[in-house]
Protein chains: 2
Amino acid sequence: MDTPPVTGRRERKKAATRKAIADAALRLFLERGYDRVSVRDVAEAADVSTTTLFKHFPSKEALVFDEEEDREAELVAAVRGRPEGQSVVEALRGHVLASWPPLAAHPLRAEFTALVESTPALLEYYERMWTRHTAALGAAVAEDAGVAPDDVACHALARFVLETPALTRGRKDLRGAVEQVFDLLAHGWRPPS
Amino acid sequence: MDTPPVTGRRERKKAATRKAIADAALRLFLERGYDRVSVRDVAEAADVSTTTLFKHFPSKEALVFDEEEDREAELVAAVRGRPEGQSVVEALRGHVLASWPPLAAHPLRAEFTALVESTPALLEYYERMWTRHTAALGAAVAEDAGVAPDDVACHALARFVLETPALTRGRKDLRGAVEQVFDLLAHGWRPPS
DNA sequence: TACAAAAGTGCAACTGGTCCACTTATTGCC
DNA sequence: GGCAATAAGTGGACCAGTTGCACTTTTGTA
């Protein structure tokens, strides 16, 4: 009859529930504003219990940032797989320029961005999503440079790179701002212009 | 009879209440650990209502970091009042080296430091206490450099400087670690050794 | 002395998050 | 096909931080 499902029914249902929760959350948040919606409201709207909601998402903030891709792997790959002769800083500059600003450019996400930027809790969570990868990126840089995995300078570089989103958010010339931050990391700070 | 009080009775009593709360909090936290003490416990121990407690301190974390000195003013002053010919980065390096590590060296504060470093919520709050001054320090640097007050590079420098505590915490050679971070800020990142 | 502002109270309520014992659906396996 | 193991979901109680409200007491001041 039907083609046998590649993924089991259980997994499909689980994914459906997850999606129902995330969809309900985003809809309510956009309608009423993040902090005028309780997690109970979201659970109600998705027709699940709050217990179930928290089995799918670890926190209220996580409801908003659903697709948790693995940024971390990409960051590490950008360092490891960079072309011969390119410096680590330049590799990361390229990676950030290529992979980050588009998010803001997507017109569909305009209201989403507005939601995040108008909600302190979400802003904080979002910035933390990046800096959480400091250890992994720092270790990758250190390994690449052939020094101890907890080398301070390498971890500092990692942390600073991961803060470009926070530092450049809301600038009119986003790419230009990112470039300036990376110039600082590449050559040190000097009084501008 | 008594010499007329310079500050009114009201202010004195208010300060006393505040101190009673902070003292009770620190004592209980050190005794039992931060998250095994509720704010109700603290209020009880200080013999005030939780409502009163929250009128003096905005959050549970704030109970721990009582003396809110004005780091911000000192940071700005370090930039503005630096000797002729010294660069901004070097001025900040000196300021951080002179004003930060002592906190950890103070033997009386050993158990306090242990409390903070063993409690994620406090650690986070502590690091945020620093980066909260990004805007002020960034603006001061920008003014000093004679560029727009929201210049990206200046704010990036400020932010990175304010993260040295977080980046170097727990290192065996604290001063050396701070120096390495400032070297990065001064000259750019280069593969170590 | 009278009165306004400030400090403190007590309590209920809300919210994010966890726990627990329980039911139901799905799956893999004999 | 039958069945036991497992995973998803339930519901409700519960905890802790935080706020709101209506109220009393204390203090400063005119």
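**Axis first.** I'm working on a predicted model, where local features need pLDDT of at least 70, side-chain atom pairs count only at pLDDT 80 or more, and totals for chains, interfaces and linings use all residues. Residues are numbered from 1 along each chain as its sequence is written, chains are lettered from A and ligands numbered from 1 in the order in which they are written, and side-chain values use heavy atoms, with hydrogens and water left out.

**Interface.** I found 32 residues of chain B and 34 residues of chain A in the contact (contact means heavy atoms within 4.5 Å). Since 100% of chain B's interface residues are also interface residues in chain A, the copies meet through the same surface. The two chains bury about 2900 Å² between them, with 65% of it on carbon and sulfur atoms. Buried area here is the accessible area (1.4 Å probe) that two parts lose on being put together, summed over both. On the chain B side, B:V152, B:F160 and B:W189 lose the most area to chain A, together 25% of what that side buries.

Next I checked α10 (residues 152-162) of chain A against α12 (residues 174-187) of chain B: their axes come within 9 Å and cross at roughly 50 degrees. Helices are DSSP runs (H or I, at least four residues), numbered from the N terminus. Axes are lines fitted to C-alpha atoms over the stretch in contact, with angles from 0 to 180 degrees between N-to-C directions. So α10(A) and α12(B) are oblique to each other (under 35 degrees is roughly parallel, over 145 roughly antiparallel, 65 to 115 roughly perpendicular, the rest oblique).

I then listed who touches whom: A:V152, A:A153, A:A156, A:L157 and A:F160 from α10(A), and B:A177, B:Q180, B:V181, B:L184 and B:L185 from α12(B).

**Inside chain A.** Last, I looked at α4 (residues 71-80) and α5 (residues 88-99) of chain A, whose axes come within 8 Å and cross at roughly 135 degrees. That pair is therefore oblique too. A:E74, A:L75, A:A78 and A:V79 of α4(A) meet A:V88, A:A91, A:L92 and A:H95 of α5(A).

Technical notes. Helix = DSSP H or I, 4+ residues; strand = E, 2+ residues; numbered from the N terminus.
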